Amino acid sequence: MGLEPYLFLSATVFCIGLFGVMTRRNTIGILLGIELMMNAVNINLVAFARYTAMAAGFVFTVFTICITVTEAALGLAIVILLFRVRRTVMADHLDLLKG
Amino acid sequence: MTEQITFAALAIILVGSALAVVLSKNLFHAVLWLALALTGTAGVFLLLDAEFLAAVQLLLYAGGIITIVVFAIVVTERLIGERLTQTNMRIGGGALISLVLLGFIVNVLRKSPLPAARPEMSVDLTRVLGELVLTRYVLPFELLAVLMLAGMLGAIYFARPED
């Protein structure tokens with residue numbers, strides 16, 4: 001099997017994640033969409049690394065997974081903090097920076 | 001032939017659960033679907049001969065992130081005192097943009113020359129990965145450790161109890 005099916009799969013998952021980020025109104029839901037997109041990127045990285053037989057691609061994937069986890073932990077901490085201050089997690093109501 | 005069937009099954013699980021993540025009305029169900037999607041991704045990694053990455057994926061993503069997200073939902077729900085429902089907004093526009101992007105990517109992929117078969121990998125990938133991380137990529141690896149420490153400290157600081 002060629003590289004193409006993996007790339008199509010990852011593109012599909014990426015676009016579904018993008019759809020979630022754009023349409024979800026709950027901040028946690030938006031974060032879930034971002035996780036999906038990151039996940040699609042990881043599939044892409046591993047597939048390319050395997051089909052070019054370059055181990056550096058796998059090392060890179062370890063880095064992206066770790067950075068994504070850190071980002072998710074921080075993002076959720078910010079959501080909890082925002083919730084404490086504004087009593088809502090709906091993105092529409094988080095207009096603190098609106099002039 | 002087995003590879004195709006496994007890939008097709010994994011692709012169906014992955015795309016189906018990803019759709020459920022972005023469309024499910026109940027936020028808690030969405031997180032559980034995300035767990036399934038992340039586990040499916042670990043399966044794809046296994047299919048690509050990356051056993052170590054599949055394990056990392058299961059431990060960090062499916063284990064770590066799902067726990068954190070469930071925790072965040074429970075905390076915010078308990079404080080609100082009512083069920084968190086979540087709705088989607090501007091579904092038409094979002095679907096249009098996503099589909100246009102998908103069409104664009106597929107179009108580019110169709111035109112580009114891609115390897116049709118995977119080269120043989122005689123070496124043990126986990127071993128090579130460990131060696132690379134501690135020799136050639138040791139500086140980025142240490143920086144990653146510092147980044148994770150800073151991130152965790154920041155998360156604990158943000159979520160500290162009110163005084």
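Helix α2 of chain A comprises 26 residues (27–52), and at 1.5 Å a residue these should span 38 Å; the end C-alpha atoms are 38 Å apart, which agrees. The expected span of a helix is 1.5 Å times one less than its number of residues. Helices (H or I, at least four residues) and strands (E, at least two) are DSSP runs, numbered from the N terminus. The coordinates are those of a predicted model, in which local features need pLDDT of at least 70 and side-chain atom pairs count only at pLDDT 80 or more, whereas totals for chains, interfaces and linings use all residues. Residues are numbered from 1 along each chain as its sequence is written, and chains are lettered from A and ligands numbered from 1 in the order in which they are written.

Of the 26 residues of α2(A), 22 are buried, so this helix is largely enclosed by the rest of the structure. A residue is termed buried if 20 or more other C-beta atoms lie within 10 Å of its own, exposed if 12 or fewer, and partly exposed in between, with C-beta atoms placed from the backbone. Asn42(A) lies in this helix and is buried, with 23 other C-beta atoms within 10 Å. Leaving aside residues up to four places away in sequence, Asn42(A) touches Thr61(A), Thr64(A), Ile65(A) and Thr41(B), contact being defined as C-beta atoms, placed from the backbone, within 7 Å. Asn42(A) and Leu76(A), 34 residues apart in sequence, are 21 Å apart in space, C-alpha to C-alpha.

Arg50(A) also belongs to α2 of chain A. Arg50(A) counts as buried, with 24 C-beta neighbours inside 10 Å. Residues up to four places away in sequence excluded, Arg50(A) touches Leu48(B), Asp49(B), Ala50(B) and Arg118(B). Between Arg50(A) and Thr68(A), the separation is 18 residues in sequence and 21 Å in space, C-alpha to C-alpha.

Ala53(A) is placed in the loop between α2 and α3 of chain A and is partly exposed, with 14 other C-beta atoms within 10 Å. In chain B, Asp49(B) has a positive phi of about 65 degrees although it is not a glycine. Asp49(B) sits in the loop between α2 and α3 of chain B and is partly exposed, with 15 other C-beta atoms within 10 Å. Most residues other than glycine have a negative phi.

Chain A contains three helices and zero strands, in the order α-α-α along the sequence. The C-alpha trace of chain A spans about 50 × 25 × 20 Å along its principal axes. The radius of gyration of chain A is 17 Å, whereas a compact globule of 99 residues would have a value near 13 Å; the radius is taken over C-alpha atoms, and the globule rule is 2.2 Å times the number of residues to the power 0.38. Of the 99 residues of chain A, 53% count as buried. Among contacts in chain A between residues at least 6 apart in sequence, 44% join residues at least 24 apart.

The largest nonpolar core has 58 residues, and those with the most contacts inside it are Ile28(A), Val46(A) and Val21(B). Such a core is a set of buried Ala, Val, Leu, Ile, Met, Phe, Trp, Tyr and Cys residues joined through C-beta atoms within 7 Å. At least two residues of this core come from each of α1 (4–23), α2 and α3 (55–86) of chain A and α1, α2 and α3 of chain B. The largest share, 13 residues, comes from α2(A). Ile28(A) touches Val79(A), Val89(A), Leu27(B), Val69(B), Ala72(B) and Ile73(B), residues up to four places away in sequence not being counted.

The contact between the chains takes 76 residues from chain B and 60 residues from chain A. α3(B) gives the most to the side of chain B that touches chain A, with 14 residues. By class, this side has 59 nonpolar, twelve polar and five charged residues, where Ala, Val, Leu, Ile, Met, Phe, Trp, Tyr, Cys and Pro count as nonpolar, Asp, Glu, Lys and Arg as charged, and the others, Gly among them, as polar.

Chain B is divided into domain 1 (1–102) and domain 2 (123–163), with bounds from an automatic or database domain assignment. The centres of the two domains, taken over C-alpha atoms, are separated by 24 Å. Of the 21 residues of α6(B), the number buried is one, so this helix lies largely in the open.

Conventions. Two residues are in contact if their C-beta atoms, placed from the backbone, lie within 7 Å.
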